[in-house]
Every structure is written in C-alpha cells, then in structure tokens.
Amino acid sequence: MLVSEVGKLYIVPTPIGNLADITQRALTILADVDLIAAEDTRHSLKLLQHYDIQTRLISLHDHNESQRAGELISRLQQGANIALISDAGTPLISDPGYSLVTQCRAAQVDVIPLPGACAVTTALCAAGLPTDRFRFEGFLPVKMQAKHHVLSNLLIETATTVFYESPRRVAQTVQDIIAVLGGDRELVLAKELTKTFETFYSGSADECYTWLMADPNHQRGEFVLLVAGNKKTQSDVPPEAINLLVLLMKDLPLKKAAAITAEHYSLKKNVLYQLGLELND
C-alpha cells in the first residue's frame with residue numbers, strides 16, 4: 001500500500017479503446033491505492049478484472065461529484081490514497097473530476113497526474129492538420145442556436161479546433177458546420193480510435209458529409225471531429241470587431257455592416273469590407 005500521512009489523489013488515464021494502451025505505472029497505482037473513484041464502476045470493473053486488480057471501486061460522475069468530493073477528501077485527509085479514472089482516456093477532459101481536483105487543491109491534498117491515453121492528442125497527431133496551435137471544445141451544445149454560436153466563433157479562428165461527437169449527432173453537426181463555416185472548410189473525422197475499425201477521413205465539410213451519408217457504418221462509433229483553422233483571414237482587426245462584423249453581415253449588406261463596425265471600433269471601412277469578402281468567400 002502507498003503510505004502517506006495525508007493521502008494523494010492520482011489522476012490515472014485509461015485506454016480509449018485498446019486495453020493494451022495503459023502504462024505500467026498506471027497499473028501499479030491502481031493496484032496499490034486504497035480506493036478507485038470511477039465514472040462508471042461497471043465499465044471500469046472490466047478493465048480491473050482484465051489486469052486482475054482487486055482495488056475497491058466507488059462511483060464519481062457528473063450527478064454525484066459535488067456531494068462525493070467531500071467524502072473522498074475526508075478519506076484522503078485520513079491517509080487514504082485514491083485514484084481517479086474515467087470511462088476512457090484522461091479524467092477531466094470532457095469527463096468528471098474538476099470539482100474533486102479543485103477541492104483537493106484547496107484542501108492542500110496532493111494531486112498527482114499520470115500521462116496516458118487521450119483522444120484529443122491521439123486524433124491530432126495523425127489528422128494531418130496543424131498542431132502548433134489548437135483549441136479543444138469538448139462536445140458541442142445540443143441546442144441548435146447555442147451550437148451555431150460556438151461554430152460562428154470559428155469563422156475567424158486560425159488554430160485547429162477539436163470536438164468530441166457521438167454517432168447519432170455527427171452527421172447533423174457536419175451539416176451545421178457547412179451552414180456556418182461553409183462547405184469548403186477542411187475537416188478530419190477520426191472514429192473508433194485505437195480500435196479494430198479505427199478510421200480517419202479528411203476532406204472538405206461537403207465531402208465529409210457525403211462520406212457519412214454514403215454508408216450507415218460510417219456514422220458508427222465515437223468521433224473526434226477536427227476543424228481546420230481559417231487560412232484566408234490574416235488580419236490585424238481585433239477579434240471583437242470581427243465578431244461584430246460577422247453578426248451584422250447576417251442581417252445587413254456587407255457595405256453597411258463594415259461601415260457600422262468601422263465607426264464603432266474606429267477602423268477603416270475598406271479593411272473591414274475586404275475582410276467581409278474573405279469571410280464570405
């Protein structure tokens with residue numbers, strides 16, 4: 001058993017598809033801690049049984065984290081060591097754990113992160129899109145208006161953006177990308193990462209939608225959706241001015257939208273007009 005006057009919380013990544021993708025250190029920690037907090041104990045039990053790990057499991061998910069965090073911190077302060085795992089990948093990356101980690105930091109409980117599997121970086125390194133700058137947005141909102149608002153922010157984003165997406169929503173999401181960003185925006189669909197039917201499909205948003213609809217099997221599996229940055233807009237115009245221009249362009253002629261934005265931010269109308277042409281191209 002790991003011995004400490006005050007226990008430690010270990011953040012332990014687990015495989016995202018291939019059970020072999022777990023580190024020796026992770027297996028040692030999972031076997032030696034006093035308790036494992038898991039997003040879904042039934043799901044995680046299969047992993048532990050595969051590696052003959054007998055450590056007791058306790059649930060920690062979105063619906064009970066606020067209440068359970070206090071209980072776990074009390075155990076940590078009494079000397080117990082606890083591992084936090086999610087169903088797959090690195091905890092807190094679109095998975096539970098943020099509240100627990102924040103409260104542990106406030107209570108001066110050591111939080112020890114382990115490196116390991118993460119769908120974001122796994123998809124990025126093989127997608128063929130720029131990785132020098134990227135933003136991770138997790139899952140898009142369910143409601144259409146909120147989803148379009150998030151996507152509209154990518155009109156001027158030059159970094160690669162990464163989303164998680166479910167099989168039942170992926171086709172509609174690509175349609176929404178076409179509606180907001182245009183059918184020529186470059187995408188990469190990465191599905192079933194590390195599994196037998198791992199697939200990367202890249203192309204324009206129009207091409208990706210056609211591929212998804214060509215075969216029902218293309219929509220099966222968990223997706224990482226990568227959106228290329230806007231390569232057309234290289235502008236010194238402040239982001240808030242571009243956002244206003246984009247909003248006004250939805251309801252006004254470009255010339256009028258550029259004039260209003262220019263007056264509001266003390267910018268040149270012709271620069272904004274040209275920018276609007278690029279965004280509409």
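Is Trp 211 buried or exposed? Trp 211 is buried, with a relative accessible area of 15%; buried means under 20%, exposed over 50% and partly exposed in between, for a 1.4 Å probe and protein chains only.

Before the tour continues, note that this is a predicted model, in which local features need pLDDT of at least 70 and side-chain atom pairs count only at pLDDT 80 or more, while totals for chains, interfaces and linings use all residues. Residues are numbered from 1 along each chain as its sequence is written, and side-chain values use heavy atoms, with hydrogens and water left out.

**First stop: aromatic rings**

The structure holds three aromatic pairs. Rings of Phe, Tyr and Trp (its six-membered ring) pair if their centres lie within 6.5 Å; planes under 30 degrees apart count as stacked, over 60 as edge-to-face and the rest as tilted.

Select Phe 136 and Tyr 164, an edge-to-face pair with 5.0 Å centre to centre and 65° between the planes. Phe 136 belongs to strand 6 (residues 134-139) and Tyr 164 to strand 7 (residues 160-165), so the pair ties together parts 28 residues apart in sequence. Helices (H or I, at least four residues) and strands (E, at least two) are DSSP runs, numbered from the N terminus. Phe 136 is partly exposed at 29% relative accessibility, whereas Tyr 164 is buried at 11%.

Tyr 201 lies in strand 9 (residues 199-204) and Trp 211 in helix 8 (residues 205-214). Tyr 201 is partly exposed, at 24%.

**Second stop: helix 4**

Select residues 98-106, which make up helix 4; its buried residues are Ser 99, Leu 100, Val 101 and Cys 104. Gln 108, which follows helix 4, has a positive phi near 60°.

Select Ile 16, Asp 87, Ala 88, Gly 89 and Glu 222, which lie nearest the centre of the largest pocket among its 32 lining residues. On a 1 Å grid over the protein atoms alone, a pocket is an open set of points where a 1.4 Å probe fits, with protein on both sides within 12 Å along at least five of seven lines; lining residues have an atom within 4 Å of a point. Helix 2 supplies the largest share of this lining, four residues.
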